[in-house]
Amino acid sequence: MAPDELSLSQARRTALRAQGLDRPRRPRAGDGPSMRHLMAVVERTGLLQIDSVNVLARAHLMPAFSRLGPYDVSLIDRASGRRPRRLVEAWAHEASYVPPSTWPMLGWQRRSWRDRWWGERDGFVREHARELDEVRRMVRDEGPVTACQVHARFADHHPHTGGGWWDWSVAKRALERLFFVGEVAVAGRTTSFERRYDLPARVLPPDVLAAPEPAEADAVRALVEIAARAHGVATVGCLADYFRMSTARAAAAADELVESGVLVPVRVRGWARPAYRHRDATVPRRATGAALLSPFDPLVFERRRLQELFGTRYRIEIYTPRDKRVHGYYVLPFLLGERIAARVDLKADRRAGVLLVQAAHREEHDDRVVPSPGEVAAALAAELALLAHWLGLAGVELGDQVHGDLVGPLAAELGTAVGR
């Protein structure tokens with residue numbers, strides 16, 4: 001049977017529906033989005049990537065805002081830090097929050113890390129086996145504990161003599177290795193965003209602990225299905241990237257999912273690579289949503305996919321020298337309808353109490369169905385005002401050295417919307 005064929009517009013709308021970004025946010029009565037709404041976002045996306053950069057808001061907080069609007073961020077703290085946990089930390093798409101049911105599916109990755117680190121190649125594990133045992137004991141007897149607490153304990157017990165494993169960075173490495181291989185889990189985060197490490201038996205829900213760990217092939221297939229559902233339509237490369245697995249693993253799993261009818265081969269016009277559509281994916285007639293997307297949003301994880309879907313070449317310029325940055329330090333794509341219509345460099349200036357716009361650029365597209373600069377600026381100004389409100393900031397301001405071809409129209413809109 002010949003594969004289905006999708007236009008590029010249909011593929012975009014399919015992807016946006018899968019991510020819950022194809023329509024305007026629904027107004028919420030009362031206290032706003034609830035735990036049920038948050039977990040519906042996680043069910044769609046499959047995971048929330050964690051990153052320590054806090055120039056605007058921490059990475060795992062933004063995807064829910066993009067889909068729900070202003071919500072109480074303590075919902076994520078409750079979901080990940082209290083029993084029964086609805087979210088747990090795992091190494092998935094980098095460090096991520098995942099539903100507890102996903103934890104067993106990542107067991108093959110944890111075994112891979114153990115084989116690598118506990119083999120002869122890893123000097124740290126060989127040199128610090130005794131200290132690792134002490135950390136295990138501390139977690140068992142005193143958990144949950146932070147890396148700083150471990151460092152302090154060993155600094156007291158092992159006087160510093162000009163070096164040694166109890167340096168904070170090394171204490172952290174010990175805990176991280178135990179976390180990667182599944183000997184410890186994360187019970188939550190402190191107010192300063194430190195991990196609190198504990199035994200998996202005290203973190204994971206009982207039903208997850210009691211369930212047998214799936215075989216590697218079954219686990220990989222389940223992860224690829226989660227990725228496929230989150231994408232709507234995707235290439236093997238996209239599916240592999242979602243949980244950071246090899247393309248060979250993802251391709252084998254995709255073939256099996258095609259055989260079982262979960263995935264349907266499709267051709268997307270303009271794509272050189274074959275693609276797959278999840279059987280539950282739908283193509284909305286229109287996409288009418290608007291959202292600022294974190295650099296770590298699942299929709300923009302895979303940069304080649306972003307370019308193939310939206311024609312947007314995007315990279316994070318955090319580590320690019322200032323004089324070589326094109327669009328700014330912490331740049332968020334702005335989704336309007338089915339287009340990435342702009343990109344904006346933002347900073348939460350908490351001391352001044354404002355959301356600072358440091359650059360604003362309009363995206364160019366080859367086709368004719370493109371919003372005007374004024375339309376883009378008006379929609380972006382409304383989204384910025386909503387973001388500022390959510391972050392507890394008084395308003396939106398343009399930075400002293402703001403740049404970009406959308407600055408003029410945006411300034412006019414902000415002057416009206418924010419009262420500057």
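A quick word on the ground rules. This is a predicted model, where local features need pLDDT of at least 70 and side-chain atom pairs count only at pLDDT 80 or more, while totals for chains, interfaces and linings use all residues. Residues are numbered from 1 along each chain as its sequence is written, and side-chain values use heavy atoms, with hydrogens and water left out.

**The whole chain**

The chain holds 16 helices and 14 strands; these are DSSP runs numbered from the N terminus, with helices (H or I) of at least four residues and strands (E) of at least two. Its radius of gyration is 23 Å, close to the 22 Å that the globule rule gives for 420 residues, so the chain is as compact as a globular protein of that length. That radius is taken over C-alpha atoms, and the rule is 2.2 Å times the number of residues to the power 0.38. Along its principal axes, the C-alpha trace spans about 65 × 60 × 45 Å.

Of the 420 residues, 53% count as buried (under 20% relative accessible area; exposed is over 50% and partly exposed is in between, with a 1.4 Å probe and protein chains only). Take the contacts (heavy atoms within 4.5 Å) between residues at least 6 apart in sequence: 66% of them join residues at least 24 apart.

**Helix α2 and its cover**

Helix α2 runs over residues 35–45, and its buried residues are M35, H37, L38, V41, V42 and T45. An α-helix has 3.6 residues a turn, so residues three or four places apart point the same way. The cover over the buried residues of α2 includes α1 (8–19), β2 (48–49), α3 (62–68) and α4 (74–81), along with α11 (216–231) and α12 (236–242). Just after α2 comes G46, with a positive phi of about 85°.

S96 sits in strand β4, residues 94–98, and counts as buried at 0% relative accessibility. Leaving aside residues up to four places away in sequence, S96 touches L47, L48, Q49, I50, V88, E89 and A90. A polar atom of its side chain lies 3.2 Å from the backbone oxygen of E94.

S246 is in the loop between α12 and α13 (247–259), and is partly exposed at 32% relative accessibility. A polar atom of the S246 side chain lies 3.1 Å from the backbone nitrogen of R249.

F193, in the loop between β5 (185–189) and β6 (195–198), has a positive phi near 75° without being a glycine. F193 is buried, with a relative accessible area of 14%.

| Residues joined | Omega |
|---|---|
| R83 and P84 | about -10° |
| G143 and P144 | about 5° |

P84 is in the loop between α4 and β3 (88–92), while P144 is in the loop between α7 (129–142) and α8 (147–157).

Note on methods:
Polar contact = N/O pair within 3.5 Å; in protein donor to acceptor, adjacent residues only side chain to side chain.
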